[in-house]
Amino acid sequence: MPPKKNEKKDSGSSSKGGKGKAKKDDGDSGDTDKGKLKAATSVNVRHILCEKHARATEALEKIQLGESFNKVAQEYSEDKAKAGGSLGWMVRGSMVGAFQDAAFALQPSTTDKPIVSGLVKTVHGYHIIMVEGRK
């Protein structure tokens, strides 16, 4: 008879464990969310735009070697966002397709240690994109 009481306690523990497992599942989906990013409707985006592939590749290499995104943007970007490449907060639907897809796929980062897209080709030229925030 006492083992039955222990079994009940174990099943009670299991049910508590079940609740714990649910929390772990939530934690797992949180880890998955970190990998996949949470859904966002807008991003605070910076970019470097170059008309020529060779120039864009050169800029990307400098960033990969550790140069600040701001510095490379001022030197290489060929658009009006030369002041560090900032485009500000942009909502989904306000950017051209490939640019938007790349921007919403990026993890937020800082200009000193940027996480950047590869070269993204649009009708405007070649972009190197980084995201500073998502909401």
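This is a predicted model: local features need pLDDT of at least 70, side-chain atom pairs count only at pLDDT 80 or more; totals for chains, interfaces and linings use all residues.
Colleague: In what order do the strands of the open sheet lie, and what is the sense of their pairing?

Modeller: In general, strands of a sheet pair through backbone hydrogen bonds, and the pairing is either parallel or antiparallel. Here 4 strands make an open sheet in the order β2-β1-β4-β3, with antiparallel pairing. At the edges are β2 (86–91) and β3 (120–122), each of which pairs on one side only. Averaged over the sheet and ignoring direction, neighbouring strands are turned by 45 degrees against each other.

Colleague: Over how many bridges do β1 and β4 pair?

Modeller: Strand β1 (residues 42–50) and strand β4 (residues 125–134) are joined over 8 bridges, in the antiparallel sense. Within this pairing, H47 stands opposite I129 in β4.

Colleague: Which strands does helix α4 touch?

Modeller: Helix α4 (residues 97–105) packs on the sheet and touches β1, β2, β3 and β4. The direction of α4 makes about 35 degrees with that of β4. Helix α2 (residues 53–64) lies across β1 and β4, and runs at about 35 degrees to β4.

Colleague: Next, the pocket. Which residues line the largest pocket?

Modeller: The general idea is that rolling a probe the size of a water molecule over the atoms shows where empty space is left. In this model the largest pocket has a volume of about 210 Å³. Its lining includes H47, D79, K80, F99, H124 and H127. Two or more lining residues come from each of β1 and β2. Sorted by class, the lining has 6 nonpolar, 4 polar and 2 charged residues.

Colleague: How many salt bridges does the count come to?

Modeller: Side chains of opposite charge can pair when their charged atoms come close. The count here is 4 salt bridges. One of them joins the side chains of E132 and R46, at 2.9 Å from N to O.

Colleague: Why does the pair of E132 and R46 tie together parts that are apart in sequence?

Modeller: Because E132 lies in strand β4 and R46 in strand β1, the pair links parts that are 86 residues apart in sequence.

Note on methods:
Residues are numbered from 1 along each chain as its sequence is written. Side-chain values use heavy atoms; hydrogens and water are left out. Two strands pair if DSSP finds at least two bridges between them. Axes are lines fitted to C-alpha atoms, for helices over the stretch in contact, and angles run from 0 to 180 degrees between N-to-C directions. Contact means heavy atoms within 4.5 Å. On a 1 Å grid over the protein atoms alone, a cavity is a set of points where a 1.4 Å probe fits but cannot get out, and a pocket is an open set with protein on both sides within 12 Å along at least five of seven lines; lining residues have an atom within 4 Å of a point. Grid points are joined across faces, edges and corners, and a volume is the space filled by probe spheres set on the points. Ala, Val, Leu, Ile, Met, Phe, Trp, Tyr, Cys and Pro count as nonpolar, Asp, Glu, Lys and Arg as charged, and the others, Gly among them, as polar.
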